[in-house]
Amino acid sequence: MKAAITTKAGSPEVIEIQEVAKPKVKSDWILINVKAFGLNRSELFTRRGDSPGVMFPRIQGIECVGIVEEDPSNTYAKGQQVAAIMGGMGRLFDGGYAEFILAPLEIVFPFQSKLSWDVLGAIPEMFQTVSGSLNQALEIEVGETLLIRGGTSSIGMLSCQLAKSKGLIVISTSRNPDKKQALLDNGVDHIVIDNGSVKDQVREIYPEGINKVLELIGTRTLKDSLKCIAPKGIVCMTGILGNEWTMKDFTPMGDIPSLGRLTVYMGDSKNLSKELLQEFIDEVEKGNIKLNIDTVFRFNEVANAHQYMEDNRAKGKLVVVV
């Protein structure tokens, strides 16, 4: 089979299309014929060599969609549509950047859909991240205010749609004024241009502060986001769009406001169910939820797709069709 192999830690050029042996099926693992996969910024960090425990060469990819090729457990039928997500794929074992993947049974989720593979390829990780961040970490409720820090990212755009469908008021940030209309078209109630600090702008709109903050930029803006919350407000750090894993200085008794809460969402396959996935796919198919897909790449363009991601050119999800 063909696979996009990250040969060593480095720039996008270390990803090479190679011919390798198709994985051999084993008990409690499923062989999947990969049809498409989404790209994720965590894969950018893995490629650079920043993910602990990852050995190279490695076939990356923490998510994929496709059809069952072989299932020794007979849980799923040959040809059945499935998604595989997280659980160490693309890090501890070879992932979705290939024509076939051998995935543990527990990270495989069946679904039925008439959507094209490029659309389906954008869904698994994006939905798992958004649903887990909003519902499990932030525990959003009707009528609350939600600040999305990094609103024009694919996660930010989808988070807005799901939050609005749950009856929240959404404030979204962008560094680029040219992206205002895209945010408005996506349903945002208020837009704040992010120059590194948004506290004062947010407090002008809501002097008492925001109920919930979805932090997608990461450590670079986390302190400022904490200054935006109302008493008993919650900040959830889910993303690292700022490309920095750690903070140079952090004082919990000073940087976290009194009665404020700080959490993180690092979801995995356990945070997803086949029922939730199917429900979400159905809503996309009905047109009730619109996915923000920036570019669809061909399989031999994986390295180019990583460069596109590295250059921060994407205004939505990047997908590769195998």
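Predicted model: local features only at pLDDT ≥ 70, side-chain atom pairs only at ≥ 80, totals over all residues.

Student: Which cysteine sulfur is nearest to that of cysteine 160, and how far away is it?

Tutor: A disulfide needs two cysteine sulfur atoms within 2.5 Å. Cysteine 160 is in no disulfide. Its nearest cysteine sulfur belongs to cysteine 236, at a distance of 17 Å.

Student: Is cysteine 228 buried or exposed?

Tutor: Cysteine 228 is likewise in no disulfide, and the sulfur of cysteine 236, the nearest one, is 15 Å away. The relative accessible area of cysteine 228 is 0%. With the limit for buried residues at under 20%, cysteine 228 is therefore buried.

Student: How many disulfides does the count give?

Tutor: A disulfide is a covalent bond between the sulfur atoms of two cysteines. The cut-off for counting such a pair is 2.5 Å. By this rule, the number of disulfides is zero.

Student: Which strands stand at the edges of the open sheet of six strands?

Tutor: The strands of this sheet follow the order S11-S10-S9-S12-S13-S14, and their pairing is parallel. An edge strand here has a single partner strand, so one side of it is left without a neighbour in the sheet. The strands in that position are S11 (190–193) and S14 (261–264).

Student: Which residue in S14 is the bridge partner of isoleucine 234?

Tutor: Strand S13 covers residues 229–237 and runs parallel to S14. The two strands are joined by four bridges. In S14, the partner of isoleucine 234 is arginine 261.

Student: Which helix supplies the largest share of the lining of the largest cavity?

Tutor: The count gives one cavity of 30 Å³ or more, and the largest cavity has a volume of about 30 Å³. Its lining includes Met126, Ser154 and Lys290. By class, that lining has four nonpolar, three polar and one charged residues. The largest share, four residues, comes from helix H4 (residues 154–165).

Student: Which helix gives the most to the lining of the second largest pocket?

Tutor: The second largest pocket holds about 210 Å³ of space. Helix H3 (124–137), H4 and helix H9 (274–286) each supply at least two residues of its lining. The greatest contribution, four residues, comes from H9.

Notes
Residues numbered from 1 in each chain as written. Heavy atoms only, no water. Buried < 20%, exposed > 50% of the residue type's maximum accessible area, 1.4 Å probe, protein only. 1 Å grid on protein atoms, 1.4 Å probe; cavity = no way out; pocket = protein on both sides within 12 Å on 5 of 7 lines; lining within 4 Å. Points joined across faces, edges and corners; volume = space filled by probe spheres on them. Nonpolar A, V, L, I, M, F, W, Y, C, P; charged D, E, K, R; others polar. Pairing = 2+ DSSP bridges.
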